[in-house]
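Please look at the sequence and the model first; the description follows.

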Amino acid sequence: MANHDLVLGQNPDLVLGQNHDLVIGQGHGLGLGQRHGLGLGHAHDHDLGLGQAHDHELGLGHPHDSRLVLGQQHHPHDHGRDHSNELALGQNNDTDEDALDAQNHELGISDNHELTLAETHGLGVDQNMVHLSIDQAQELGLESAHDISQGHMLVPQVLQNRRLIVNPDHQLTISQEFSDVKSCRRAIRDAAIACRFEIQTVKSDKTRFTAKCAAEGCPWRIHAAKLPGVPTFTIRTIHEMHTCSGINHLGHQQASVQWVANSVEERLRENPHCKPKEILEEIHRMHGITLSYKQAWRGKERIMAAVRGSFEEGYRLLPQYCDQVKRTNPGSIATIYGNPEDNCFRRLFISFYASIYGFVNACRPLIGLDRTLLKSKYLGTLLLATGFDGDGALFPLAFGVVDEESDDNWIWFLSELHTLLEANTENMPRLTILSDRQKGIIDGVDFNFPTAFHGFCMRHLSELFRKEFNNDALVKLLWEAAHALTVIEFEAKILEIEETSQEAAFWIRRIPPRLWATAYFEGTRYGHLTANVVESLNNWILEASGLPIIQMMECIRRQLMTWFNERREASLQWTSILVPSAERRVSDAIECARGYQVGRANEAEFEVVSPHEGTNIVDIRNRCCLCRGWQLYGLPCAHGVAALLSCRQNVHRYTESCFTVATYRKTYSQTIHPIPDKSLWKEMSDANQEGDNKIEIVINPPKSLRPPGRPRKKRVRAEDRGRVKRVVHCSRCNQTGHFRTTCAAPI
């Protein structure tokens, strides 16, 4: 007959479950999906090749009545039944080579989802034994006594037989023991995820745990019970057979947040910076399931809370942490303030003694103020006061954490800073303070540092200028005007801005130049025009701002401890008199001074003539020059160097002391000591109290939680809050409120 169909039960298709492969022979998969017909070719067109050493083929589709019998004890050596050819596929089957045709056709799948005999996939059978080898994970249940009518074979429905064991890690056996009920439930859950079926808990208490397959009608079931006298659980019974097809979706009911946390705990402990997206990829690669981003994020947060502590615990332990800072780093300041009504957190101020000593005795009298919003669970702001060492690097002096950025909190922070400096120096130098000059900072500086020079941070000013006019050429001219040393140079740059845009010139003239221009600034900036502390610390300060408050302060302390040690050791290798940056600046000035002509008026006053700059007057006694470079930077300018060399003076003796290597080493001479683990704090606190009845302060978290959604990575500056947005105009319909690209008006 021309067409032979293999009919299983009432459905003329071979149903082998969903996504299950039928493996025949060695490494040859026969994949049959749902409702795919099995067609056995045309007469003499397609043969089934059996065997490896001998070329045995089975011709299907001859005009004779063919029977395909699948069983265990069938021997097709009997040729006396109406030329009927039988193929027995079982465990002990022999085949008659005479019944095999001599053609070489193989088994394939056609485009219309029918299984035909093609020339692409061979069905390999052993040399001495022809049998159908089915993988251990799948069993094909077919009865042997079924009539075949007109080329059709009726076989009962194939049921899935998936074993619970897929690898030794998830092997469950009777009498297997677990340390407690949690370990038992975890092992069964892991096995269900690995075997791609979901379970339903029937009974779970302190002595018993019973679960079954969640699929309706599936007989799989497991029961575990507690051994008497010990917390150990053992598996009593397992019904390992499944009749379901498993789950047909990408997720898994047992893949809970806790399961995610347990799965990636080791990786997160090794790499806390692992992102939720990477966690999802690893779970999909290891377990073959797809979870939501929120599950991965919550799983990571659960592990990180166990490793670093919760956000609530951080506020609760703040008083003990402050005690440890003062105990391990004597002379440091660590104070915490809570709301007297409900003890909710309000303010924290910390400054390490090593930073205080280095700033007061060796740093330039220059402080930059900045802040960054916390990215943690609770809202807050980190305030920073930073100095600059002799080599120009940032030197963090004090840190404040407040529940919100407000004028009152800035005034409080600056008052704490004033108290710190006043307590550690007899004659406080006249400071230069740089900030973005918002109202709270201005009021705090005027109240606590009335004699200080308060300048505008050029980075903040230039960003405002760029947002207003969006012109790189104008921004460049603004920076050149800020760097100009003389009033004449400054006015020349402002005129260039005015020639380009009169509006820009009017905008910049509204801000007094004494607040931002070097030519008009009354204090000494030492060449520092910006106080962009957060931008300079961007590599790690943003990461720290997302941690619980104690972990954040510990991250800052560790960074300072590392900086102090590295810079102290690096300075020991320097052999010059000045720090490297100052040494380069003086060397450049010496090179420029070679072409200058010097005339001496007296023992201190000189006239220096340069071919391009004209005449400049230098006073080496007062360390000043008419170009103002010497007094503004603290290092002799090229004119001063020419005057000093003409009278054979040592140029290095006429530099500010903060630029010398000896002073630099003094800056980092003190050590920031580590703080022990929090598990030892209570014991140490009890030992230090020596029986005194000290009332323990309890600090609760702030009332304001972080709003939902991903936190902004770019800071919103105070001066931009409430700022009126520019009105946009459509060039297509002449209406406001949208652009041409988003215009919906009809043409």
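How many helices and strands make up the secondary structure of the chain? The secondary structure comprises 21 helices and 27 strands, where helices (H or I, at least four residues) and strands (E, at least two) are DSSP runs numbered from the N terminus.

## Basis of the description

The model is predicted, and local features are reported at pLDDT of at least 70, side-chain atom pairs at pLDDT 80 or more, while totals for chains, interfaces and linings use all residues. Residues are numbered from 1 along each chain as its sequence is written, and side-chain values use heavy atoms, with hydrogens and water left out.

## The chain as a whole

Of the 747 residues of the chain, 45% count as buried. Buried means under 20% relative accessible area, exposed means over 50%, and partly exposed covers the range in between, with a 1.4 Å probe and protein chains only. The chain exposes about 39,400 Å², of which carbon and sulfur atoms supply 48%; these areas come from the Shrake-Rupley method with a 1.4 Å probe, and for residues only the protein chains shown count as cover.

Contacts (heavy atoms within 4.5 Å) can also be sorted by separation in sequence. Among those between residues at least 6 apart in sequence, 61% join residues at least 24 apart.

Strands of a sheet pair through backbone hydrogen bonds, either parallel or antiparallel. In this chain, five strands form an open sheet in the order β12-β16-β15-β14-β13, with antiparallel pairing. Its edge strands, each pairing on one side only, are β12 (177-178) and β13 (199-204). Two strands count as paired if DSSP finds at least two bridges between them.

Phe178 stands opposite Phe233 in β16.

Strand β25 (residues 605-610) and strand β26 (residues 614-619) run antiparallel and are joined by six bridges. A hairpin of three residues links β25 to β26, and Ser610 stands opposite Gly614 in β26.

Strand β26 also pairs with β27 (residues 624-625), again antiparallel, through two bridges. Here Val618 stands opposite Cys625 in β27. Four residues lie between β26 and β27 in their hairpin, and Arg623 in the turn has a positive phi of about 55°.

## Helix α3

Helix α3 (residues 276-287) includes Met286. The 12 residues of α3 should span 16 Å at 1.5 Å a residue, and its end C-alpha atoms are 16 Å apart, which agrees; the expected span is 1.5 Å times one less than the number of residues. The buried residues of α3 are Pro276, Ile279, Leu280, Glu282 and Ile283. Seen down the axis, these buried residues fall within an arc of 165°, so they line one face of α3; the arc is that of the directions from the helix axis to the C-beta atoms. They pack against α2 (257-270) and α4 (293-308).

The face of α3 turned away from its buried side carries the exposed residues Lys277 and Arg285. Met286 also counts as exposed, at 53% relative accessibility. Just after α3, Gly288 takes a positive phi of about 75°.

## Helix α11

At the start of α11, a side-chain oxygen of Asn471 reaches to within 2.9 Å of the backbone nitrogen of Ala473. This is a polar contact, defined as a pair of N or O atoms within 3.5 Å; within protein, one must be able to donate a hydrogen and the other to accept it, and residues adjacent in sequence count only if both atoms are side-chain atoms. The 12 residues of α11 (residues 472-483) should span 16 Å at 1.5 Å a residue, and its end C-alpha atoms are 17 Å apart, which agrees.

Which residues of α11 are buried? They are Leu474, Val475, Leu477, Leu478, Ala481 and Ala482. These residues cover an arc of only 160° around the axis, which puts them on the same side of α11. They pack against α10 (458-469), α12 (487-500) and α13 (502-509). The exposed residues Asp472 and Lys476 sit on the face of α11 turned away from its buried side.

## A buried serine

Ser355 has its place in helix α7 (residues 353-362). Is Ser355 buried or exposed? Ser355 counts as buried because its relative accessibility is 1%. Not counting residues up to four places away in sequence, Ser355 touches Phe395, Pro396, Leu397, Leu560, Phe564 and Ile672.
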